[in-house]
Number of protein chains: 2
Amino acid sequence: MTHPTARVPIAILISGRGTNMVALVQAALDGRLSADVRVVLSNRPDAPGLAHAAQMGIPTAVLSHRDFPDRESFDAALADALDSRGVQVVALAGFMRVLTPTFLRRFPHRVVNIHPALLPAFPGMHAQRQALDYGVKIAGCTVHLVDDGTDTGPILAQGTVEVRDDDDEASLAARILAVENRLYPDTLQALLTGRIQVSGRRTVRSIGDGSC
Amino acid sequence: MTHPTARVPIAILISGRGTNMVALVQAALDGRLSADVRVVLSNRPDAPGLAHAAQMGIPTAVLSHRDFPDRESFDAALADALDSRGVQVVALAGFMRVLTPTFLRRFPHRVVNIHPALLPAFPGMHAQRQALDYGVKIAGCTVHLVDDGTDTGPILAQGTVEVRDDDDEASLAARILAVENRLYPDTLQALLTGRIQVSGRRTVRSIGDGSC
């Protein structure tokens, strides 16, 4: 018999389609993720993911970085917006802004991202195209804690995808995305249920059934 | 019914234990690798792999880089030594020298190496330690064509290994080595039997049973 786990208030930040956001929300709705998704927030008002979130009954918000004079003031307002909703953990899902220490200090070791490459290979934009151009045979994705670099924080989990000889960017991205959509909810669940310990750059996952 | 494939004269270059050299020689002796290992050559006279090669009945040679005034002259002598033995393909197995274009021009697209990391991550020395220090969850190894960079040539094959929470450098290196010892003969066999096409940085393996 397992004990039910309290649901942790989280926010999901997007800038576009928010495919991984949908996977996280669905996992929360299905009971596979012990999360209360308080808000899906976009820095772009035209992000298609906002409508998807609303259709799933999740509150949405827009905080445009264009309304702020600099990164620091945007990040302070972003942290305030999440704090006001009681958010404890922040999941990035295609959020195309590098967060400053101003923001990260407010959520220490509680901001998570997924990147479509086996970091430290191919950080930044167009990771799948970078992988194809380099000619790797194994691609994948990485769930990591966010620091103030670009895809440089401690790694929580990785998944692999074989590159096929006839892959183009779209076909490879689609197969990686299928792995992302499983890996991200699973890893976030481990974090929310206290089963991941962070020690410097190494992270250790303790045994648990992740029930919620 | 399959046709026997002619055995290709190869050299294996080592600087130390030559663990992967032993795996390649064994594969050739077992008939899994269509190679006639003409020589195992070390740039260090004290490389323990030389004795292992001799025990398996393979001719050995030493060409010490200390006997040459510069890289170019060493590389020219090395190419001459291999040419004189009719070598067509060169397999590096822990050979700790970067080869110059002087050498590589003599064996275009015919020098192969294996590296204990998922390149382009963690090139150079102590790849397994680099991986542990970074905190990746998936490690592995890469068979690649050699160019004049450090572990930068076109990738032929990659294999993965899960990093365990209690791994140290030795335990991770041992599990990667087990994959190396399978991946290297298999990939070299594909190359020797003409089943790998190189197009820029991307390499394509055609279908074939690799029989020999």
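Tutor: We begin with a term: a salt bridge is a side-chain nitrogen of Lys or Arg within 4 Å of a carboxyl oxygen of Asp or Glu. By that rule, the interface of chain B and chain A has zero salt bridges. Please note that this is a predicted model, in which local features need pLDDT of at least 70, side-chain atom pairs count only at pLDDT 80 or more, and totals for chains, interfaces and linings use all residues. Residues are numbered from 1 along each chain as its sequence is written, chains are lettered from A and ligands numbered from 1 in the order in which they are written, and side-chain values use heavy atoms, with hydrogens and water left out.

Student: How many residue pairs are in polar contact across the interface of chain B and chain A?

Tutor: A polar contact is a pair of N or O atoms within 3.5 Å; within protein, one must be able to donate a hydrogen and the other to accept it, and residues adjacent in sequence count only if both atoms are side-chain atoms. The rule finds twelve such residue pairs across the interface of chain B and chain A, both residues being at pLDDT 80 or more.

Student: Which elements of chain B each supply at least two residues to the side that touches chain A?

Tutor: Elements are DSSP runs numbered from the N terminus: helices (H or I, at least four residues) and strands (E, at least two). Those of chain B are α5 (127-134), β7 (155-162) and β9 (202-205). The largest share, five residues, comes from β7(B).

Student: How much area do chain B and chain A bury between them?

Tutor: Buried area is the accessible area (1.4 Å probe) that two parts lose on being put together, summed over both. Here it is about 2200 Å², with 54% on carbon and sulfur atoms. In chain B, the residues that lose the most area to chain A are B:Y134, B:K137 and B:R202, together 30% of what that side buries.

Student: What rotation superposes chain B on chain A?

Tutor: Two copies of a chain are related by a rotation about an axis and a shift along it. Copies are superposed by least squares on the C-alpha atoms of residues with pLDDT of at least 70 in both. In this model the rotation is 180°, with 0.0 Å of shift along its axis and an RMSD of 0.0 Å. That is the relation of a two-fold axis. The same surface serves both copies, since 100% of the contact residues of chain B (contact means heavy atoms within 4.5 Å) recur in chain A. Of the residues of chain B, B:A121 comes closest to the rotation axis, its C-alpha being at 2.6 Å.

Student: Is A:Q158 buried or exposed?

Tutor: Buried means under 20% relative accessible area, exposed over 50%, and partly exposed in between (1.4 Å probe, protein chains only). A:Q158 is buried, at 9%, and its place is in strand β7 of chain A. Its side chain makes a polar contact with the side chain of A:T142 (3.0 Å). A polar atom of the A:Q158 side chain also lies 2.9 Å from the backbone nitrogen of B:K137.

Student: Where is A:F122 found, and what is its phi?

Tutor: A:F122 lies in the loop between β5 and α5 of chain A. Its phi is near 60°, a positive value in a residue other than glycine. A:F122 is buried, with a relative accessible area of 10%.
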